[in-house]
Amino acid sequence: MKLSFSPEDELFREEVANWLADNLCGEFEPIRFRGGPGDEHSFVEERKAWEQKLAEGGWTCIGWPKQYGGRAASVEQQVIFNEEYARAGGPGRMGHIGETLMGPTLIAFGNAAQREHYLPGIRAGREFWCQGYSEPSAGSDLANVKTRARFDEGTGQWQISGQKVWTSLAHESQYVFVIARTDPDSSAHKGLGFFLVAMDQPGVTVRPIEQLTGTSEFNEVFFDDAVCDADDIVGAPGEGWKVAMGLLGFERGVSTLGQQMLFQNELDEIVRVAKANGAACDPALRQRIAEAHIGLRIMRFNSMRMLSGGGDDGSLQKEAMIYKLYWSSWHRNLGKLAMDVLGAESEIVPEAPYGLSRLQSMYLFTRADTIYGGTNQIQRNIIAERALGMPREPRG
Amino acid sequence: MEFRFTEEQQMIRDTAEAFLAEVSTAAAVREAMATERGYSDALWQQISEELMWPALHIPEAFGGLGLGFVELAAMQEQMGRTLLCAPFLSTVGFAVNALLVAGNEAQQTAYLGDIAAGKTATLAFMAPGSRPDAAAIQATCRSEGDGFVLDGEYRYVLDGHTADILVLAARAPGSVGTEGVSLFVLPASTAGISREWLPTMDQTRKQARIVLENVQVERSACMGEAGQAWPALAKTLDLAAIALAAEQVGVAQQALDSSVAYTTERVQFGRTIASYQAIKHKAADMMLKVEAARSAAYYAACIADEALAGGPLGSGLAEAASIAKAYCSEAAFFNTGCGIQLHGGVGITSEYDIQLYFKRAKSAETLLGDTAWHRERLAQQLLDGGEA
């Protein structure tokens with residue numbers, strides 16, 4: 001076991017940090033530390049401009065192969081980039097769905113024409129993507145999608161109808177990837193297709209969902225005979241589930257250390273508040289602050305283990321399987337801790353009518369952490385069944 | 001960054017696992033724990049003389065194997081899984097680390113050599129009713145002639161009644177806190193030392209009371225400079241806590257594994273109870289705890305390696321130790337407690353082993369600072385400094 005990074009990686013770290021120090025300033029100063037989860041509605045135009053700035057510096061899609069404009073950065077370097085990015089207060093990435101999900105999926109499952117058509121826009125920080133997976137009746141049971149895709153021989157296009165929900169950044173994206181049923185008589189994970197659909201067309205309607213924070217990161221997206229070209233299906237009709245699951249597998253966790261840096265910023269703020277208002281002298285709160293610190297440090301150790309690619313028995317990566325349940329539970333507890341440290345002041349909203357502080361929004365939005373991306377209950381099923389070999393849930 | 005076992009480390013772990021499954025069976029544990037001595041001499045001989053486990057991280061110059069702390073942690077984890085009854089933590093986790101940190105070359109040559117050859121050892125520092133900080137040191141040492149005279153009483157000394165070699169912490173009369181602390185290493189047979197077994201709730205690890213009455217020791221028994229030993233002792237306790245944390249990972253793992261096995265066999269309402277979500281979700285929570293604990297313990301073991309070798313990350317020893325000990329204590333307690341619950345009625349019988357793990361989890365939690373104690377230690381670092 002070795003914990004330190006190589007000298008080359010440390011040089012890379014310096015390069016990233018220097019570039020960020022030189023560029024994340026001036027017109028971009030106001031967006032530092034903004035636009036993260038729960039704050040994705042903020043500074044959208046400025047953050048789009050920032051994506052292009054990143055692209056000019058060669059800092060988008062660094063993990064992609066060089067032939068598609070990436071740097072073929074190693075896992076360590078991607079980790080370092082994400083850490084430095086978060087440390088510098090880099091704003092929430094508008095392009096992350098394209099960069100971390102869509103791009104790798106096209107590189108793995110797409111054809112040459114699709115890669116040529118779609119990858120450059122992602123790499124340049126000009127074209128943004130959103131994800132059309134969940135539906136009103138397909139949440140945890142994702143395979144239950146009802147959205148249909150029908151090939152129209154006359155126009156030579158796919159026609160898509162149905163409804164998606166919980167679509168982040170739909171109103172800011174040019175494209176959406178959609179799983180839809182190509183075989184109307186199919187059920188569950190059979191008979192699905194994976195489609196690349198332009199948002200700007202008459203058949204697509206976006207309706208924001210107002211959340212408990214009063215803001216709207218999520219949307220409903222309605223497809224009413226929306227169209228895409230014959231070539232805009234990834235894989236063959238019927239292979240959509242394979243592509244969709246492959247895409248989720250690209251979330252390899254390189255962004256987790258960056259996410260943890262955001263968590264660290266939040267914890268630091270809680271510590272500052274506690275020192276300033278005397279909560280730091282309350283024995284019960286001291287215990288909870290230390291517990292949060294321990295939890296976050298272990299989250300980092302666990303990610304390092306995950307990224308080093310070894311379970312203790314060399315096969316199943318159990319530390320990766322607990323990751324979502326671990327961080328979501330930790331973060332939700334941090335939200336409550338923040339309010340308890342603030343005390344009476346936690347109720348007072350800084351801006352009328354409902355402009356929440358960062359910690360207030362974190363407190364409320366962390367209730368979503370244990371739901372999206374696989375609820376804690378689903379995570380526990382997966383852990384029990386796949387890692388511990390306990391009997392599977394009955395399926396209808 | 002390679003935060004995973006090397007092939008050699010994996011092999012050491014696997015070898016330990018296989019050997020312990022053979023020798024540290026439920027029957028063997030129950031037989032050993034029923035004795036006052038607490039372990040089988042024959043097994044200890046095999047472990048120390050044939051396998052040389054106590055010599056694991058003793059440098060080759062002193063007759064050891066010269067391996068690192070990660071290997072030690074891997075071995076402790078396996079010992080926790082089988083509740084091995086042996087004076088390993090006391091000898092290696094406490095005494096060897098004390099000698100490595102604080103011993104001079106003559107002491108290391110003599111005592112590490114003895115330990116590598118199969119002698120047992122322990123460390124005593126806590127007065128009755130104390131917590132594991134500097135204030136726990138109440139035994140006194142006064143300079144007299146060419147040596148020192150030691151007096152006082154220790155409790156909670158692991159294997160103190162059987163150890164061949166003792167490392168003792170004592171303070172200058174009238175000193176308080178971290179000032180005036182000295183460490184001594186001496187044969188347990190030294191005149192004036194009386195030792196008495198203390199029966200414990202966790203019978204798989206023995207504790208003793210040691211009383212010093214006018215114990216005369218030569219200056220050569222003093223480790224480092226007299227009165228200046230607190231930093232070395234603190235470092236030793238952190239290293240021991242990390243070894244213990246790795247053991248707790250093994251305890252937590254076994255509680256999970258045996259609970260999954262039991263609930264998979266047990267049938268109620270016509271189904272194996274492992275098929276109920278109420279059971280599965282509890283097991284999933286237990287796995288989360290043990291995997292997070294494992295990450296914490298092995299991170300700390302890497303830091304311990306650096307601390308012993310004088311590497312740059314070694315300055316994080318106290319923090320890493322507190323994180324590991326706080327979390328692994330909680331994980332072992334949680335998993336063994338849930339383990340009893342998942343075993344249902346048989347969980348509280350003496351026939352089933354889960355109760356032994358539950359008791360070990362508690363004794364390990366209390367030893368070297370429980371979760372709350374380590375959290376407070378971290379809170380001081382986080383909250384009582386100047387800038388946030």
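Predicted model: local features only at pLDDT ≥ 70, side-chain atom pairs only at ≥ 80, totals over all residues.
Confidence was examined for chain A. The average pLDDT of chain A is 93. A score of at least 70 is reached by 97% of the residues. Residues 311-315 of chain A, however, have a pLDDT below 50. In the model, this stretch makes seven contacts beyond near neighbours in sequence.

Chain A is divided into three parts: domain 1 spans 7-94, domain 2 spans 129-238 and domain 3 spans 256-387. The centres of domain 1 and domain 3 of chain A, taken over C-alpha atoms, are separated by 23 Å. These two domains touch. On one side, 12 residues of domain 1 of chain A take part; on the other, nine residues of domain 3 of chain A do. The domain 1 side of this contact holds six nonpolar, three polar and three charged residues.

Contacts also link the two chains. Chain B contributes 38 residues, which are in contact with 43 residues of chain A. By residue class, the side of chain B that touches chain A comprises 25 nonpolar, six polar and seven charged residues.

Note on methods. Residues numbered from 1 in each chain as written. Chains lettered and ligands numbered in written order. Nonpolar A, V, L, I, M, F, W, Y, C, P; charged D, E, K, R; others polar. Domains from an automatic or database assignment. pLDDT = per-residue confidence, 0-100.
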